[in-house]
Amino acid sequence: MSSKQTNRSLQNKISLRLALALAVFTIGVFLILRSVITPAFQELELEAAHSDLIRAQQAIRTDIDNLVAITLDWGPWDDMYEYVAGRNPGFVRSNLDRSTLSNLGLDMLVIYELGGRLKWAQLQVDGEERAVEELGLLGSDNPAAQLLTQHADATSSTVGIVDTAYGPMMISSQPILRNDSSGPVAGALIMAQFLNETRLERLQERTEVDMTWMLVEEYVIDGERELADIPVGELPVRISDGLVTNCVVLADILGNPYLLVSSRTPRVISGLGQQTVGAAMLFLVAAGVLTVVMLWYFMKGTIIGPIEALTGHMDKIRKSGDLSDKLNLASTDEIGLLAARYDKLNSEVHETRAALLQQSFKAGKADTAAEVLHNIRNAMTPMINGLERVAKAFKVTDGLHVKQAVEELSNPDVDPEKAKKFVQYLDASFDRIVAVHAEASDDLRVVSSQAHQVEGIMADQEKFTNVAPVSENLVVDEVIEEAAQVIPKDASAGIDVEVAEELANYRVRAHRIGLLQVLSNLILNAYESIERAKHGDGRISLSARSTVIDDTEMVQLTVRDNGTGFEEEVRNKVFQRGFTSKGVGDTKGLGLHWCANAVAGMGGRIFADSEGEGHGAEFHVLLPAAQGG
Amino acid sequence: MATHQQDENIRVLIADDDEYILRAYREAFADSESTQEIRALDALAAELFEPTDSDDDEPHFDVVACSQGDDAIALAEQAANDGHPFDVIILDVRMPPGIDGVEAGCQIRKLDPDVEIVFVTGFSDVPLEELQRRVPPPMKLHYFNKPLSFSQLAQDVASMVREH
């Protein structure tokens, strides 16, 4: 799995959890509002609706109470008392006329004598005067008539609602007494008001309650209920989509369920509750979404972003292999600390790797040198001893007396016996010379064989030199600073070494140790050239620039000195094997040749410039620019 | 301290893994047939011509050669057990695939405290101080770098034996 996918996975996990938290939060808020706020509003609404019913009921009772008050005002009155007793015939003329009902706000006023005989009556229905008998109320067949028309004593009273042919009516019947409310009872005074549309409108206006009423009989018929099932008092509340309907059954003066008074309350409060819940939900969800979004961006900025940067940096280093590249994350939190430690660790690994590389290179070189030395010295030992014997063989005649023996034999006076021994001596001498030469020939074969062995050792070494060293991305200034250490400490004070700041911006693809040795060689050459110039103002400048050669991005490193320099004709020879020039500074003629080969092995090239002897020199090293770094 | 009689041959054990080097050792240390012929020739010359200097002082060696450190230890042990220990043992330092010359010299020193041990090597990873520590005493330890003249070495070996 790639790191990018991992990051996406982390983002997805965080997003999913945040979304889940938001969903849980929203559902929780909704349930709390539904279970607490909405029922509270509904309760409030039911209380308000019940209050409307109470007010409607109370308004009817207040009207009845007013009716009772008027009746009680008129009933204990000597003039009426006398009239009912037949002793005040002018009473009607003086006190009762057509305007009396309207003045008192009554629809009916009836006066009964003791014993239930009608004395005086007036009834108005919708502004028209009607006969009391049309009501069907006070007839002997109506059980309510006796309650209304006859009172046993001064405390007797009949108040309530009665059924008439013209609809329900509020009624109050009081005994007719003396002014001081003393008896005996002379008759009954009845005052009444219709519960008609006009009164309903007044009551609605006064109570501001949408109230209405209907006869229980009609309610029973409409609702298909039994009359016996309808009790006096409040009925269960009815709740529809837009209304709360409360009902109360009022009894007539006989105590029977008669009038159903209803109040209809619009469901404003629950609507308001729903709006409140909706607004609260909207606000809380918006706040939740805002919080989640802010949290997400915060996590993106402080966690996911830095982790992506860290991962990207790791990928970059993995591709480039350049451990010196730092992330430098500008953060001081835990991830910033992690990035800083990662940078530090990389830096340490980078330094360790460089040291290890250098150490292993040196160790490898030492091992190789030891092995080569051992093998070559071993091969040279038989060669030297063989050649020693060959040299000795060629001197074999030095110890012989061949010439003297020949001279003795050429003497005619020589003793024949002695001459014979001289001949033996000459034979033996020649045998000795032949034998020594044969041994010398064997020794030379050994020498030749060992020479071939040395050649084989060198051929093996040549194979190793063809093994390309591992290239890596290198920051130029680090290598150059290390290479500049080649200048002797006691001499560096007299030589000004300028290292251009922009070197830190260049990275090359090269073998670290190889490049280090090339630059060390060039800087050492520059130093030696300055030493030879002896002008006392030595200066070595190290710089770099980018260039493109054959569509390849290259970095050109330049080592410039103000030493002896060299002439134009030398320029193309300075890198030749064995070439040495006092002006160029390579005293052995090997260093620059090796540098040229090493740079070529790193995919680059090297060249030199000088304006002539005494004008210093420039050595340029072209190397491929680092990729991905 | 052992002494060596002038008329006795010097007993030398040589261990080196290179056959050409062993051959060069043998030729430098051993009395060859040609040397006897030269003596006969010299005798005839002495009879016919003016007398010349004699080579009687030239040392003579009994040389035993091997190519591995283990063999050298075994031969040294055998010689010591037979009552004819070697006077000088010449060891190459590197003798793959067996033990190196330093280890062989270390074990031989335990077998024969008097023998002169000579290390001859093309290159040694072991510093001289360590050699002296592992193969004491220093006066019986000698060290030569290849390449070298074995005839000169033979003279040096003879000197070692005579001095002790």
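Of the 629 residues in chain A, 29% are buried, a residue counting as buried if 20 or more other C-beta atoms, placed from the backbone, lie within 10 Å of its own. This is a predicted model, in which local features need pLDDT of at least 70 and side-chain atom pairs count only at pLDDT 80 or more, while totals for chains, interfaces and linings use all residues. Residues are numbered from 1 along each chain as its sequence is written, with chains lettered from A and ligands numbered from 1 in the order in which they are written.

Chain A carries 15 helices and 17 strands, taken as DSSP runs (H or I, at least four residues; E, at least two) numbered from the N terminus. Four of its strands make an open, antiparallel sheet in the order β7-β10-β9-β8, pairing being called when DSSP finds at least two bridges between two strands. At the edges sit β7 (210–215) and β8 (233–239) of chain A, each pairing on one side only. Six antiparallel bridges link β7(A) to β10 (residues 257–266) of chain A, and A:Leu215 stands opposite A:Leu259 in β10(A).

Over in chain B, helix α4 (residues 101–111) has B:Gly101, B:Val102, B:Ala104, B:Gly105, B:Ile108 and B:Arg109 buried. Down the axis of α4(B), these buried residues fall within an arc of 155 degrees, so they line one face of the helix; the arc is that of the directions from the helix axis to the C-beta atoms. Their cover includes β1 (10–15), α3 (69–81), β3 (88–92), β4 (116–121) and α5 (128–134) of chain B, where contact means C-beta atoms, placed from the backbone, within 7 Å.

Key. A residue is buried if 20 or more other C-beta atoms lie within 10 Å of its own, exposed if 12 or fewer, and partly exposed in between; C-beta atoms are placed from the backbone. Two residues are in contact if their C-beta atoms, placed from the backbone, lie within 7 Å.
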